[in-house]
Amino acid sequence: MNIIPFPDRIEWPSLLARPVQSTQQIEAAVAPILAQVRRGGDAALVELAQKFDKVDLSEGGLEVPLSELDAAESQLSDELKAAIGQAYTNIRLFHERQKQPIEKVETMPGVMCWRKSVGIEKVGLYIPGGTAPLFSTVLMLGVPAQLAGCREVILCTPSNHPAIYFAAKLVGITKVFRIGGAQAIAAMAYGTESVPRVYKIFGPGNQYVTSAKMLVAKEGMAIDMPAGPSEVAVYADDSAIPSFVAADLLSQAEHGADSQVLLVSTSKQLVSMVNLALPTQLSKLPRRELAAKALENSKAILVETEADAIDLLNAYAAEHLILSVDNAEAVAEKIINAGSIFLGNYTPESAGDYASGTNHTLPTNGFARAYSGVSLDSFVKKITIQHITPAGLQLLGPVVEAMAEAESLDAHKRAVGIRLASLADLKPV
């Protein structure tokens with residue numbers, strides 16, 4: 001890691017800057033794919049699968065048969081099925097507690113206001129292929145969709161890994177399509193003969209998938225959030241265990257060469273010991289080449305005080321933030337920008353990635369300053385409702401009339417006034 005001792009605050013923005021990704025060239029490649037799917041439907045999807053994935057979908061079809069989803073269970077070990085089942089239970093429990101009962105509020109006598117949560121009718125989930133079968137993401141997206149009561153949940157993935165199919169069945173997804181890349185996003189955004197059009201798209205992917213999501217969002221499609229390379233920041237003091245910190249940094253680095261890894265500490269000794277532990281642990285990883293490339297761009301920043309560390313971490317706004325410090329919970333209260341926080345020496349990021357219960361679909365690239373991670377709320381709409389009695393309108397009406405008149409919206413004023421005139425004989429209660 002590149003160790004940066006006690007930088008001036010004026011240097012922080014450049015030190016914390018993520019790599020700038022040129023989107024122009026990627027968008028130029030993605031836009032024709034979106035247009036082709038919009039025009040050509042299923043035939044375009046078959047053609048693009050052959051072109052990019054070297055897969056022939058013309059015979060087997062785009063949709064995975066239910067029999068294939070059912071057969072996935074027998075292809076997994078009992079240990080993995082039990083692990084997925086436990087993760088499902090934990091994720092479901094945590095997200096179930098996010099449901100809020102309807103609360104009616106009487107803002108003034110006779111004026112009742114409340115809101116109800118309604119599941120988005122049709123949602124689409126994308127799970128990439130690549131070098132890691134992300135069946136955990138099926139749970140992270142499928143569980144809240146299930147709890148929200150979304151009527152139709154479809155899944156697009158180029159992977160045929162049985163754990164993805166098993167997880168899909170567990171969360172109640174019955175329509176799975178063998179489609180990947182930007183063309184999968186297009187299929188869900190526009191609909192084809194086989195793939196239903198959805199109202200919101202969720203899920204990670206490479207820069208082409210991300211670009212496709214951003215482009216269809218410009219056309220009015222709702223998406224979960226902007227996405228970038230995955231990242232972790234670790235704040236550690238002398239109470240941290242260096243080998244644990246090194247393991248946490250590597251668990252993020254192995255995602256890919258563009259993963260962001262940041263260590264912040266007030267302890268020179270801790271940073272030195274972590275740096276010594278990294279090569280030994282790295283050498284044992286199957287994905288060590290990817291992790292090594294990520295570490296080449298990683299930083300360990302030494303700061304003078306805890307207050308400096310907190311300010312720096314809030315400026316960075318990490319997707320994952322691990323607090324391996326003596327007073328972790330107190331420090332967490334001062335963190336205002338982060339996707340998810342992990343407290344203490346025995347709370348690795350991996351736990352949240354898979355099975356603690358929190359959601360691992362989180363804002364990256366500094367978007368944690370304004371975005372939250374995926375939750376039950378991501379899959380619902382909040383519809384406000386109001387009911388005003390005649391007596392309530394007599395109290396509220398003059399307020400509305402005065403404001404409407406001041407805004408020169410006479411029809412608004414009249415909509416109230418015509419009702420008040422009909423109630424002239426009633427007394428306020």
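Predicted model: local features only at pLDDT ≥ 70, side-chain atom pairs only at ≥ 80, totals over all residues.
Author: Welcome! Residues are numbered from 1 along each chain as its sequence is written, and side-chain values use heavy atoms, with hydrogens and water left out.

Reader: Thanks! How do I read a helix lying on strands, and which strands does helix α9 lie across?

Author: Compare directions: axes are lines fitted to C-alpha atoms (for helices over the stretch in contact), with angles from 0 to 180 degrees between N-to-C directions. Here helix α9 (residues 242-253) lies across β9 (231-236), β10 (260-265) and β12. The angle between α9 and β10 is about 160°.

Reader: What is the strand order in the open sheet of 6 strands?

Author: Strands of a sheet pair through backbone hydrogen bonds, either parallel or antiparallel. Two strands pair if DSSP finds at least two bridges between them. In this sheet the order is β1-β11-β10-β9-β12-β13, with parallel pairing. At its edges stand β1 (2-5) and β13 (338-343), each pairing on one side only. On average, neighbouring strands are turned by 20° against each other, direction ignored. To look at one pair, take strand β12 (residues 318-324) and β13, which are parallel over 5 bridges. There, alanine 318 has alanine 338 of β13 as its bridge partner.

Reader: And what order do the strands take in the open sheet of 3 strands?

Author: That order is β2-β3-β14, and the pairing is antiparallel. Since β2 (105-108) and β14 (380-388) are edge strands with a single partner each, one side of each is left without a neighbour in the sheet. From one strand to the next, the twist averages 30°. Strand β3 (residues 111-119) is joined to β14 by 9 bridges, and glycine 119 has valine 380 in β14 as its bridge partner. Helix α15 (residues 390-406) packs on this sheet, touching β2, β3 and β14, and makes an angle of about 95° with β14.

Reader: On to helix pairs. At roughly what angle do the axes of α10 and α11 cross?

Author: Angles under 35 degrees count as roughly parallel, over 145 as roughly antiparallel, 65 to 115 as roughly perpendicular and the rest as oblique. The axes of α10 (residues 268-283) and α11 (residues 288-296) come within 9 Å and cross at roughly 155°. That makes α10 roughly antiparallel to α11. From α10, the contact uses Leu278, Leu282 and Ser283, and from α11 it uses Arg288, Ala291, Ala292 and Leu295.

Reader: How are α4 and α6 placed, and which residues make their contact?

Author: Helix α4 (residues 78-96) and helix α6 (residues 162-170) have axes that come within 11 Å and cross at roughly 40°. They are therefore oblique to each other. On the α4 side, Leu80, Lys81, Ile84 and Tyr88 make the contact, and on the α6 side Ala163, Phe166 and Leu170 do.

Reader: Finally, what are the domains of the chain?

Author: Domain bounds come from an automatic or database domain assignment. The chain is divided into domain 1 (2-19 + 228-357), domain 2 (23-105 + 118-227) and domain 3 (389-425). Taken over C-alpha atoms, the centres of domain 1 and domain 3 are separated by 58 Å.

Terms used:
Helix = DSSP H or I, 4+ residues; strand = E, 2+ residues; numbered from the N terminus. Contact = heavy atoms within 4.5 Å.
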